[in-house]
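Please look over the sequence and the model before reading on.

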Amino acid sequence: MLAALALILCTGCELPATPVTGVDAGIVDVELVLAVDVSSSMDEGEFALQRAGYVRALRHPDFINAVLAGSRGRIALTYFEWAGTVRPESVIPWQIIDGAASADAFAAALAVKPIGGSGGTSISNAVAFGSNLLEQNVFRGEKKVIDISGDGPNNLGAPVEVARNNAVAKGIIINGLPILVRPTGSLEDIDRYYAECVTGGPGSFVLPIHLASEFITAIRRKLVLEVGGITDAPGVLKIQAQKPVNCLVGEHYPLTYPDP
């Protein structure tokens with residue numbers, strides 16, 4: 001039953017294609033998907049802080065230097081926003097990041113995207129969409145990573161463990177940025193939920209945000225850790241570092257946010 005549900009996680013998704021030419025043009029250190037929560041449990045201020053965090057992180061010297069320090073000195077990057085479903089208009093197609101100019105171009109494309117949210121929280125749909133982006137691109141990276149943020153448990157679509165396990169089985173690493181600034185009523189320990197139910201793969205980690213003032217620095221730090229491959233930094237929560245939680249806790253509560 002769970003396997004059948006997994007097959008319909010991302011039916012009909014249109015995935016952006018990025019042409020790449022040259023013998024080694026598609027070889028990168030990391031293929032990185034940024035999957036950003038814009039569900040209605042977050043307010044406009046949090047949306048703005050989150051967006052600013054990604055824009056500033058992509059332009060920061062620490063991120064650019066981490067990219068350049070890789071064996072190839074470049075990564076492939078894409079971005080989308082999700083709630084109950086993925087927002088197609090939010091997708092930024094795959095781009096090579098190989099220095100300040102390309103990072104700035106990606107950040108500029110993100111900065112002009114309209115900011116908005118919608119109802120529901122389907123982490124499983126977001127992970128499945130991100131997995132398809134990684135499977136269907138033209139790049140060859142040493143690591144394939146989905147970087148997913150969120151402030152509540154999965155409450156729509158297939159169980160989140162199905163999507164997580166499918167992705168990990170394909171060699172994909174899932175890291176989490178749980179947002180605890182204003183916890184949802186159904187689950188306050190969203191960092192534990194992300195550690196046990198959402199993230200997975202070799203070296204995967206969770207980096208919680210507890211205060212609004214931490215958005216910008218936490219997002220930058222997370223990107224540097226992912227690109228640089230460092231997972232033993234202070235504040236990082238390792239997988240299975242806490243006691244198990246109920247991964248179906250979101251499905252056991254009625255939706256408290258409006259439908260899109």
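The model is predicted, so local features need pLDDT of at least 70 and side-chain atom pairs count only at pLDDT 80 or more, while totals for chains, interfaces and linings use all residues. Residues are numbered from 1 along each chain as its sequence is written, and side-chain values use heavy atoms, with hydrogens and water left out.

**Salt bridges**

The structure holds 10 salt bridges, each being a side-chain nitrogen of Lys or Arg within 4 Å of a carboxyl oxygen of Asp or Glu.

| Pair | Closest N and O atoms |
|---|---|
| D104 and R59 | 2.7 Å |
| R220 and D62 | 4.0 Å |
| E161 and R164 | 3.8 Å |

Helices (H or I, at least four residues) and strands (E, at least two) are DSSP runs, numbered from the N terminus. R220 in helix α8 and D62 in helix α3 (residues 61-68) tie together parts that are 158 residues apart. E161 and R164, by contrast, are three residues apart in helix α6 (residues 160-169), and are thus separated by about one helical turn.

Buried means under 20% relative accessible area, exposed over 50%, and partly exposed in between (1.4 Å probe, protein chains only). E161 counts as partly exposed because its relative accessibility is 32%, whereas R164, at 10%, counts as buried.

**An aromatic pair and a cavity**

Rings of Phe, Tyr and Trp (its six-membered ring) pair if their centres lie within 6.5 Å, with planes under 30 degrees apart counting as stacked, over 60 as edge-to-face and the rest as tilted. The whole structure has four aromatic pairs. Y54 counts as buried at 0% relative accessibility, as does Y79 at 1%.

Y79 is also among the residues that line the largest cavity, together with V36, V38, F47, Q50, R51, E81 and I115. On a 1 Å grid over the protein atoms alone, a cavity is a set of points where a 1.4 Å probe fits but cannot get out, and lining residues have an atom within 4 Å of a point. The largest share of this lining, three residues, comes from α2.

**Helix α8**

In α8, the buried residues include F215, I216 and L223.

Terms used:
On a 1 Å grid over the protein atoms alone, a cavity is a set of points where a 1.4 Å probe fits but cannot get out, and a pocket is an open set with protein on both sides within 12 Å along at least five of seven lines; lining residues have an atom within 4 Å of a point.
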